[in-house]
Amino acid sequence: MRKYTERDLDRSWASEEVRSLSEGELTKLAFLRDYKNFIFCIPIVFALYFISGRFGVIGKIAGWIGVFTFGLFALQGLFNTGVVFISLVVAPFLDKAAPTKNIFWKSLQFVISFGNFAIYTILALVLFARMYNLTLNKYISW
């Protein structure tokens with residue numbers, strides 16, 4: 001596998017280029033892009049977490065913007081999970097060679113996509129909980 005530059009992660013790929021890549025290369029590119037996006041979001045999450053709990057109405061507005069944004073990222077992860085799941089389940093019926101050569105990479109794509117969905121959903125829920133000071137201690141007695 002070749003090494004991908006920062007430019008490769010950010011640019012639009014032509015459909016011919018995408019078709020020329022193997023499942024492993026596509027999985028690696030998707031993982032690197034998702035990792036880069038997550039690392040970019042970490043300082044934003046901390047800033048929104050701080051702002052949403054301390055600045056009243058402005059904090060709530062900033063928090064809702066964060067919840068909405070991370071909710072969109074979660075929906076993208078859910079959509080990608082659905083697409084990979086369909087390709088994982090339907091591929092054996094359409095192409096007899098597909099299960100033997102791509103099932104590992106498709107499964108890995110499924111795990112990455114679902115992990116993406118889970119991470120951004122948790123971030124959105126944490127921001128929401130911070131805006132309204134919701135804690136588990138209020139609802140569960142230890």
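Gln109 is buried, with a relative accessible area of 15%, where buried means under 20% relative accessible area, exposed means over 50% and partly exposed lies in between, using a 1.4 Å probe and protein chains only. This residue, Gln109, lies in helix H5, and, leaving aside neighbours within four places in sequence, Gln109 is in contact with Glu23, Leu26, Thr27 and Val84, a contact being heavy atoms within 4.5 Å.

The model is predicted, so that local features need a pLDDT of at least 70 and side-chain atom pairs count only at pLDDT 80 or more, whereas totals for chains, interfaces and linings use all residues. Residues are numbered from 1 along each chain as its sequence is written, and side-chain values use heavy atoms, with hydrogens and water left out.

### Overall architecture and confidence

The chain has six helices and zero strands, in the order α-α-α-α-α-α along the sequence; helices (H or I, at least four residues) and strands (E, at least two) are DSSP runs numbered from the N terminus. Of the 142 residues of the chain, 26% count as buried. Among contacts between residues at least 6 apart in sequence, 71% join residues at least 24 apart.

The average pLDDT, which is the predictor's confidence in each residue on a scale from 0 to 100, is 84 for the chain, and 83% of the residues score at least 70. Among the elements of the chain, the lowest mean pLDDT, 64, belongs to helix H1 (residues 6-10), and the highest, 90, belongs to H4.

### The nonpolar core

A nonpolar core is here a set of buried Ala, Val, Leu, Ile, Met, Phe, Trp, Tyr and Cys residues joined through side-chain atoms within 4.5 Å. The largest one has twelve residues, namely Cys41, Val45, Leu48, Ala62, Val67, Phe70, Ala74, Tyr120, Leu123, Ala124, Leu127 and Met131. At least two residues of this core are supplied by each of helix H3 (23-54), helix H4 (56-94) and helix H5 (98-131), and the largest share, five residues, comes from H5.

Leu123, found in helix H5, is buried with a relative accessible area of 16%, and, not counting residues up to four places away in sequence, Leu123 touches Phe38, Val45 and Phe70. Leu123 and Ala74 are 49 residues apart in sequence, while their C-alpha atoms are 9.3 Å apart in space. Val45, with neighbours within four places in sequence left aside, is in contact with Phe70, Leu123 and Leu127.

### Helix H3

H3 has 32 residues and reaches 46 Å from its first C-alpha to its last, close to the 46 Å expected at 1.5 Å a residue, the expected span being 1.5 Å times one less than the number of residues. The buried residues of H3 include Glu23, Asp34, Cys41, Val45 and Leu48.

### Salt bridges

Side chains of opposite charge can pair when their charged atoms come close. With a salt bridge taken as a side-chain nitrogen of Lys or Arg within 4 Å of a carboxyl oxygen of Asp or Glu, the count comes to two salt bridges, which are set out below.

| Glu23 | Lys106 | 3.7 Å |

In the salt bridge between Glu23 and Lys106, Glu23 lies in helix H3 and Lys106 in helix H5, so the pair ties together parts that are 83 residues apart in sequence. Glu23 is buried, with a relative accessible area of 18%, and Lys106 is also buried, with 17%. In the other pair, Asp34 is buried at a relative accessible area of 14%, whereas Arg33 is partly exposed at 30%.

### Positive phi angles

Most residues other than glycine have a negative phi. Asn133, a residue other than glycine, has a positive phi near 50°; Asn133 is found in the loop between H5 and helix H6 (136-139) and is partly exposed, with a relative accessible area of 46%.
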